[in-house]
Amino acid sequence: MHLKLLLVATLILGMGYGCASQTSPLQHKQRVTQSNVAAGAHIYQRYCSTCHGSRGDGLGPTARHVEGPTPTDFTRGVFKFASTARGTIPTDEDLAWTILHGVPHTSMPAWAGVLNHAATGNLVQYIKTFSPKLLQQDPPTPIVVPSAKPRATLASVQRGRNVYLLAQCWQCHGTNGRGDGPSASSLKDEVGNRSIPSDFSLGQLKHGNEATDLYHVLVAGVEGTPMLPATLVMTSEMGEQVDAKRYLPSSDLNAARSFASSLMPSDEFFNLHEAKQNRLMEGWRWDLVDYLQSLAKPSGLLRSILGLDPLPTLYGAAACEVGERHTSAK
Ligand code: HEC
Ligand code: HEC
């Protein structure tokens, strides 16, 4: 362990995804020092090593027995839960956020009730010592999600549904967002472990439930997994490419095709000024977010905004079943 290496982490408080409404566990800049690492190591061996391994390689004694994704191998320096761009390292805030909130639908517990902020901060510094990348590099500035989200409307949910079909999200996440698309069972992450596409009906998502959390995933993707950043260049040609006949009722297919025919052809899109292209993509991303949120039963936020009890009939049987499986709204 090279504790001599001083890593001055740039903490951009409150900018991390999902962090907006949380109080920060890291109130001041911390760095890797002998004393916080020693304190972190102690807590780590007690609470974390059983899954993540005493060397941080994800091979603790319990690791083989957990359901769902395997415990993260910290030595690779690849993190799914990061407010920063794909291919870069997470901020200290991101690591603290994951530790405190846990990862829903996996064996990773939420430690908020067990660990106080000081302990969490020390753990963050200790985890960094497993990965040369995290020790040596400063994290970049987090991705900034545009703050002005357009209001969700029935039309935006419908557009989102069409974007979802045309952009092939259903291949992995399923035609109704239940995580059961035709490719779902064969997906692997970078190291060959099974990768499980999210089920949007569950309500509680791994990366947070706020619109900005979902938007962030669309921009950054999920590092190390087949979930790539969604480029979302939506053009009229896509109508011919959408081939979900086996999976989709023709009314859905027709809606997606007719949406495509309302879009511009790709040569026209690429002739637009970059700022204009980005604005269009931003709009489609928010549409997708509205659609994905409409699949979750939870607070009925969208439903109440939209007076939306027709939702089940709009998106078919899957949306009707959503209720039973949902446990808690954020
Ligand atoms: C019962 C097993 C288990 C225990 C105990 C556990 N974890 Fe985890 N942890 C996991 C699993 C599984 C994942 C992967 C979740 C995923 O990939 O979706 C994970 C993910 C993480 C991540 C996110 C990595 C990323 O990709 O961004 C961090 C950080 C983390 N754990 C820290 C800790 C710390 C710190 C402790 C101890 C306080 C701890 N974990 C205890 C199972 C565990
Ligand atoms: C090649 C398969 C694949 C495709 C195509 C795909 N995804 Fe994903 N997606 C995944 C996987 C796998 C995960 C889960 C990653 C993880 O956390 O382990 C995921 C996670 C997500 C999440 C995070 C959910 C959470 O629990 O926090 C969102 C949001 C998402 N995808 C949206 C989309 C959208 C929208 C599209 C289409 C533009 C899309 N995905 C296309 C595989 C895919």
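Analyst: **A loop residue and its surroundings**

Gln168 counts as partly exposed because 17 other C-beta atoms lie within 10 Å (buried is 20 or more such atoms within 10 Å, exposed 12 or fewer, partly exposed in between, with C-beta atoms placed from the backbone). The model is predicted: local features need pLDDT of at least 70, side-chain atom pairs 80 or more, while totals for chains, interfaces and linings use all residues. Residues count from 1 along each chain as its sequence is written, with chains lettered from A and ligands numbered from 1 in written order.

Gln168 sits in the loop between H6 and H7 (helices are DSSP runs of H or I, at least four residues, and strands runs of E, at least two, numbered from the N terminus). Its backbone stands out. Phi of Gln168 is near 70°, a positive value in a residue other than glycine. Most residues other than glycine have a negative phi.

Leu232 gives a second case. Its phi is positive, about 55°, and Leu232 is not a glycine either. Leu232 lies in the loop between H8 and helix H9 (238-241). It is partly exposed, since 18 other C-beta atoms fall within 10 Å.

Now step back into H6. This helix spans residues 154-166 and holds Gly160. Gly160 is buried because it has 24 C-beta neighbours inside 10 Å. Leaving out residues up to four places away in sequence, Gly160 touches Asp287, Leu288, Asp290 and Tyr291 (contact: C-beta atoms, placed from the backbone, within 7 Å). Gly283 is 123 residues from Gly160 in sequence, yet 9.6 Å away in space, C-alpha to C-alpha.

The largest nonpolar core has 35 residues (buried Ala, Val, Leu, Ile, Met, Phe, Trp, Tyr and Cys joined through C-beta atoms within 7 Å). Tyr164, Leu166, Tyr215, Leu218, Leu288 and Leu292 have the most contacts inside it. H6, H7, H8, helix H10 (250-261) and H12 each give two or more residues to this core. H12 supplies the largest share, 7 residues. Leu218 touches Ala230, Arg285 and Leu288, again leaving out residues up to four places away in sequence. A second, separate core has 16 residues, including Leu123, Tyr126, Ile127 and Phe130.

Leu123 and Tyr126 also belong to H4, where they take part in the meeting with H1. On the H1 side, the residues are Asn36, Val37, Ala39, Gly40, Ala41, Ile43 and Tyr44. Ala119, Gly121, Asn122 and Gln125 complete the H4 side.

Next, the ligands. Ligand 2 is surrounded by 27 residues, and the closest are Cys169, Cys172, Lys206, His207 and Met227 (near: C-beta atom, placed from the backbone, within 6 Å). Helix H7 (170-173), helix H8 (211-220) and helix H12 (274-295) each supply at least two residues of this shell.

Ligand 1 has 25 surrounding residues, with Cys48, Cys51, Phe79, Lys80 and Met108 the closest. Helix H2 (49-52) and helix H3 (92-101) each give at least two residues to the shell around ligand 1.

Key. Contact = placed C-beta atoms within 7 Å.
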